[in-house]
Amino acid sequence: MARDYYGILGVSREASDDEIKRAYRKLARQFHPDVNPDPEAQEKFKDINAAYEVLSDDRKRQIVDLGGDPLAPGGGGMGGPGGPGGAGPFVGFQDIMDAFFGGAAGGSRGPRPRTRPGADAILRLELDLHETAFGVEAPITVDTAVLCTTCSGAGTAAGTHLATCEACGGRGEVQSVQRTFLGQVVSARPCTVCQGYGTTIPHPCPTCTGDGRVRTRRSLTVKIPAGVEDGMRIRLAQQGEVGPGGGTAGDLYVEIHERPHDVYSRKGDDLHCRVTVPMTAAALGTRLTIKTLDSEETVDVKAGTQPGSTLRLRARGVPHLRGTGRGDLYVHLDVRTPTKLDPDQEKMLRDFAKTRGEEVAELSKQGGFFSRMRDAFNGHA
């Protein structure tokens with residue numbers, strides 16, 4: 001049964017080349033072994049690469065749309081008796097496609113290139129609020145494939161060269177004549193000796209074993225602009241994986257993760273904090289000194305300030321990422337009511353309440369509902 005390459009990438013059968021490429025890049029970043037070391041994620045990464053290899057090739061995609069699987073043994077996943085190269089009455093689906101789309105009558109797809117572009121990589125970087133607000137040059141360490149310096153990407157040992165494959169004569173594929181219900185069909189298969197490259201490496205490079213690249217740990221410095229937010233990504237061009245055969249490196253994406261701050265919370269470019277003021281200060285008014293991210297500001301709390309009031313300090317938030325200016329700082333006021341009063345303080349508050357015509361019941365004398373019920377059962381007046 002043919003694999004659902006569209007389902008693997010999560011795209012529709014009518015998806016454009018750009019949509020397929022975007023879906024591949026998104027999934028590749030999520031399941032890349034450098035980001036997700038889970039064995040299941042590594043298998044998923046292989047499936048994603050296979051799906052992209054098929055759907056990014058017009059000819060292979062056409063095979064999929066007709067119900068075949070270009071990566072299956074036999075070429076299309078629909079081979080009949082006799083197998084590849086056999087003389088059975090029905091041969092692989094790939095053979096029929098070859099007959100109609102250029103694989104027959106000596107038509108050749110040519111050898112596969114050994115040099116291919118590398119994949120993108122992603123790295124998580126944790127920063128403090130001050131660093132995301134004002135920017136920072138952060139050192140990072142990445143583990144990626146880099147160009148093999150021993151062979152400069154050629155994959156061959158010093159003083160040696162690639163050799164033309166004797167099995168396919170450098171074409172990267174072998175042809176065979178088969179009988180089908182359509183008649184005689186000349187089909188082509190990737191050469192199993194050279195894996196379709198048309199060349200072999202008699203003496204592989206001892207450092208990279210013929211791949212043209214090696215994995216290593218590198219130290220870089222990434223410049224974080226002022227105003228970045230949690231979840232944003234910074235692209236470092238060609239700092240990702242070097243491709244097989246020393247191919248052009250992919251990009252490195254640095255994903256920003258902002259650590260929670262112990263005082264401020266952030267919403268976009270605005271900052272929010274909470275300040276507690278005594279009940280008397282809220283009633284009479286006071287002056288507060290607020291420490292912002294980069295300065296100290298004095299603000300006036302007006303007399304009669306109510307609980308939940310907010311003070312706004314303009315341009316004391318986070319600098320805008322694109323453009324000039326900064327967000328605002330919002331100071332949310334919590335009015336604190338005293339929990340314990342001595343007799344003199346309580347008397348002063350009651351006298352104050354009387355001057356305002358506010359009757360305050362004395363709980364210690366009047367008691368609550370259950371206290372009155374208890375007194376009624378005990379015969380108290």
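Two strands are taken as paired if DSSP finds at least two bridges between them, and strands (E, at least two residues) and helices (H or I, at least four) are DSSP runs numbered from the N terminus. The model shown is predicted, so that local features need pLDDT of at least 70 and side-chain atom pairs count only at pLDDT 80 or more, while totals for chains, interfaces and linings use all residues. Residues are numbered from 1 along each chain as its sequence is written, and side-chain values use heavy atoms, with hydrogens and water left out.

**View 1**
Lys267 stands opposite Asp270, a residue of β11. Strands β10 and β11 (residues 270-278) run antiparallel and are joined by three bridges.

**View 2. The open sheet that contains β10 and β11.**
Four strands, in the order β10-β11-β15-β14, make up an open sheet with mixed pairing. Its edge strands, each of which pairs on one side only, are β10 (265-267) and β14 (310-313). From one strand to the next the twist averages 30°, where axes are lines fitted to C-alpha atoms (for helices over the stretch in contact) and angles run from 0 to 180 degrees between N-to-C directions.

**View 3. Packing of helices α3 and α4.**
Helix α3 (residues 39-55) packs against helix α4 (residues 58-65) at an angle of about 100°, and their axes are 6 Å apart. The two helices are therefore roughly perpendicular to each other, a class that covers 65 to 115 degrees, whereas angles under 35 count as roughly parallel, over 145 as roughly antiparallel and the rest as oblique. Glu53, Val54 and Leu55 of α3 make the contact with Lys60, Arg61 and Val64 of α4, contact meaning heavy atoms within 4.5 Å. By class, three nonpolar, no polar and three charged residues take part in this contact of α3 with α4.

**View 4. Cysteines without disulfides.**
Zero disulfides are found in a search of the whole structure, a disulfide being a pair of cysteine sulfur atoms within 2.5 Å. The sulfur of Cys168 has its closest cysteine sulfur in Cys165, at 3.7 Å, which is too far for a bond; Cys168 is buried, with a relative accessible area of 1%. For Cys208 the closest cysteine sulfur is that of Cys151, and the 3.6 Å between them is likewise too far for a bond. Cys208 also counts as buried, at 4% relative accessibility, since buried means under 20% relative accessible area, exposed over 50% and partly exposed in between (1.4 Å probe, protein chains only).

Key: Nonpolar A, V, L, I, M, F, W, Y, C, P; charged D, E, K, R; others polar.
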